[in-house]
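Thank you all for making the time this morning.

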Amino acid sequence: MTRYGMAIDVRRCMGCNACTVACKVANDVPEGVFWTRVLTRGGDAPDAPAGENPAVSMSYYTLGCQHCENPACVKVCPVGATYRDEATGIVRQDYDKCIGCRMCMSACPYTGVRSFNWEEPGYAMDFALGDADIAPHQKHVVEKCTFCYQRIARGETPACMDLCPARARFWGDLDDPESEVSQAIKGREYQHLLPEQGTSPSVYYLV
Amino acid sequence: MTDNAAAVAAKPPAAKGGSRGLNVAIGACAVLAVLGIVLWVVQLSGGMIQTAMRNLDSWGLYITLFMFFVGLSAGGLIISSVPKAFGIRGFGGISKVAVMSSIAATVAAIAFVVVDLGQPVRMWELFAYSNLGSPLMWDIIVLMTYLILSCVYLWAQVRNERGKVSHTALRVISVVALVCAVLVHSVTAWIFGLQQSHEMWHTALLGPWFVSSALVCGTGLVLVIAIALSKAGYLSVERANLVKLAKLLGAFLMVDLYFFGCDLLTEAFPAAGGVAIVEMLTSGPLAPFFWGEIVLSVAAAVICFVPSLRTNPLMALAGVAAILAILCKRVQLLVGGFQVPNIEWPAIMTPSTITNWQGNLEQAYAGLVYWPTPLEFGVALGVIALAVGIFLLGIKMLPLKPAPGED
């Protein structure tokens, strides 16, 4: 079985937001919506460190859907619009099916990875960006990171992988010990976000 | 309400045609309900961006009132079915009116789920693609059953009085209705309580606690209705029965406060993450609702327990206070659930992130994370008017007056 996953090297990530932009463009993500965001772990504002100069500390965690093996969102969706694709381990969202009850947003422990289109999706450009085969965005449904399902179906990697200047992201099949992601995790100390929630995320943070 | 009630009293034959006051009240409810529907269409066409709900506080007034009305629906059915199910004396002829209030409250609860949906036209999918593992699906099934059962139960009582339905059949229906009533509150609790992602909600106590809160506001509602309809001359309830209801309300209030105490102690004692929740309630943004609930509950309980205070106006006041106390509880639960984020590391904020998105995350959580917009209040008022209208229509059209000799 394939279980796609990602490892993100927190020691390499410099919070440049290249992945944020790559994701937004590849998936033509509407205005005001971000499927992946850069979170600053440090002070109380983005890019602000904790502590007093010179004893300051700061690191970046890029956060998108964690594609959990035991996803809280899938269990609660009353119509099965959010589901785990068993062939890839990816947690998917069917916009045509979503009734907009937002139960998944409430159930997901990872604050803010799911977003609801609170109005008709708007775009900065007059023309569509990104891949031609993405599902069209809809008003009043929930959406989130798809691990660029359209791209991996073609054998490519998710868009956030491509532009990362620090090469902080690793991608592949977690069940394949030879994959890039498995190799990256091997021998490294890693962290799952909110492990106490018992969701078994497919995103590993190398620390 | 009292004006209308007085008008009803002026022209007693409310059962046939009703009085002018009642008709005016029904008309006003209809107007408000239509206005609510218009605002709902505005919400759907212009987008739910017009509500104050956002990604990090994705439920608001509608789901608060959904919880609240599920609770309100309890009283009527339980007050009415417990005496019949156990074969003990009832509360003096208020049984049918009480069930009517349950029906109206259940309709409101269902309507609040509907107005909260982004895609209400896809509601049919709930029945076509039901995910039976989802607590929300359980609730939809149980709520529907509950509504149908309440109607059947009311019908059976009326038929029973005419000798068409046997006492045994009525008793069986009342037992089933009672079980369903307990289920509907538990399942509503599980929508919240089974989410490990919200520390405030994730407790096994939530199920029983929802049942006790429902009993508080439900009994409060029945007490208020019984006193109001007696004053209006629609029915006459003996003082002893009102006192019995008030004592019951007092007991339910104590149980509810006891659960509250248990929950606060369990949250705070480890001096870990739960302390944030206790502080948010006792001295944080939700303090007005926390202390509001405590003060209203205690005031209502004092009226219920001190014999000299149990006058009709004060008992009605106790009922209202109990209902408002539980409304405060619902606000605490819903807004409180979103007030403490699991991941609070700062990131980019947009108008869809959180209600108060203009500052930083800390500022967004400094006060109440969510407060409804006028549109939400308008839609909510429409739904409430719909429920009140249904209840008043029931009073006007249905034979809800006590049968001779009914207890």
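**A sheet in chain A**

Let me begin with a pair of residues: A:Ile8 stands opposite A:Tyr205, which belongs to strand E10 of chain A. Before I go further, please keep in mind that what you are looking at is a predicted model. The strand pair to look at here is E1 of chain A, residues 4–9, and E10 of chain A, residues 203–206, which run parallel and are joined by four bridges. These strands belong to an open sheet of four strands in chain A, with the order E8-E1-E10-E9 and with mixed pairing. At the edges of that sheet stand strand E8 (169–173) and strand E9 (190–191) of chain A, and each has a single partner strand, so one side of each is left without a neighbour in the sheet.

Staying with chain A, which residues of helix H1 (residues 18–26) are buried? They are A:Cys19, A:Thr20, A:Ala22, A:Cys23, A:Lys24 and A:Ala26, and you will notice that a lysine is in that list. The cover over these buried residues of H1(A) includes strand E2 (37–41), strand E3 (59–63), helix H5 (159–163) and also E8 of chain A.

Now to the backbone: most residues other than glycine have a negative phi, and most peptide bonds are trans.

Is A:Asp47 buried or exposed? With 12 other C-beta atoms within 10 Å, A:Asp47 is exposed. The loop between E2 and E3 of chain A also holds A:Pro54, and the peptide bond that joins A:Asn53 and A:Pro54 is cis, with omega at about 5°.

**Where the chains meet**

Moving on to the contact between the chains, 44 residues come from chain A and 38 residues from chain B. On the side of chain A that touches chain B, the elements that give two or more residues are E2, helix H2 (72–76), helix H3 (103–107) and strand E6 (115–116) of chain A. Of these, E2(A) gives the most, with five residues.

**The core and helix packing in chain B**

The largest nonpolar core has 202 residues, and those with the most contacts inside it are B:Ala108, B:Leu249, B:Ala300, B:Ala322 and B:Ala387. Helix H8 of chain B, residues 206–231, gives the most to this core, with 16 residues. If we leave aside neighbours within four places in sequence, B:Ala108 is in contact with B:Phe69, B:Val383, B:Ile384, B:Leu386 and B:Ala387.

Let me close with two helix pairs. The axes of helix H4 (residues 95–116) of chain B and H8(B) come within 10 Å and cross at roughly 125°, and H4(B) and H8(B) are therefore oblique to each other. The contact is made by B:Val97, B:Ala98 and B:Ser101 of H4(B), together with B:Leu221, B:Val222, B:Ile225 and B:Leu229 of H8(B).

In the second pair, helix H11 (residues 287–305) and helix H12 (residues 312–339) of chain B pack at an angle of about 155°, with their axes 8 Å apart, which makes H11(B) roughly antiparallel to H12(B). Their crossing is left-handed, and among the residues that meet there are B:Ala300 in H11(B) and B:Ala322 in H12(B).

Conventions:
Residues are numbered from 1 along each chain as its sequence is written. Chains are lettered from A and ligands numbered from 1 in the order in which they are written. This is a predicted model: local features need pLDDT of at least 70, side-chain atom pairs count only at pLDDT 80 or more; totals for chains, interfaces and linings use all residues. A nonpolar core is a set of buried Ala, Val, Leu, Ile, Met, Phe, Trp, Tyr and Cys residues joined through C-beta atoms within 7 Å. A residue is buried if 20 or more other C-beta atoms lie within 10 Å of its own, exposed if 12 or fewer, and partly exposed in between; C-beta atoms are placed from the backbone. Two residues are in contact if their C-beta atoms, placed from the backbone, lie within 7 Å. Two strands pair if DSSP finds at least two bridges between them. Axes are lines fitted to C-alpha atoms, for helices over the stretch in contact, and angles run from 0 to 180 degrees between N-to-C directions. Angles under 35 degrees count as roughly parallel, over 145 as roughly antiparallel, 65 to 115 as roughly perpendicular and the rest as oblique. A crossing is left-handed if the near helix is turned anticlockwise from the far one by less than a right angle, and right-handed if clockwise.
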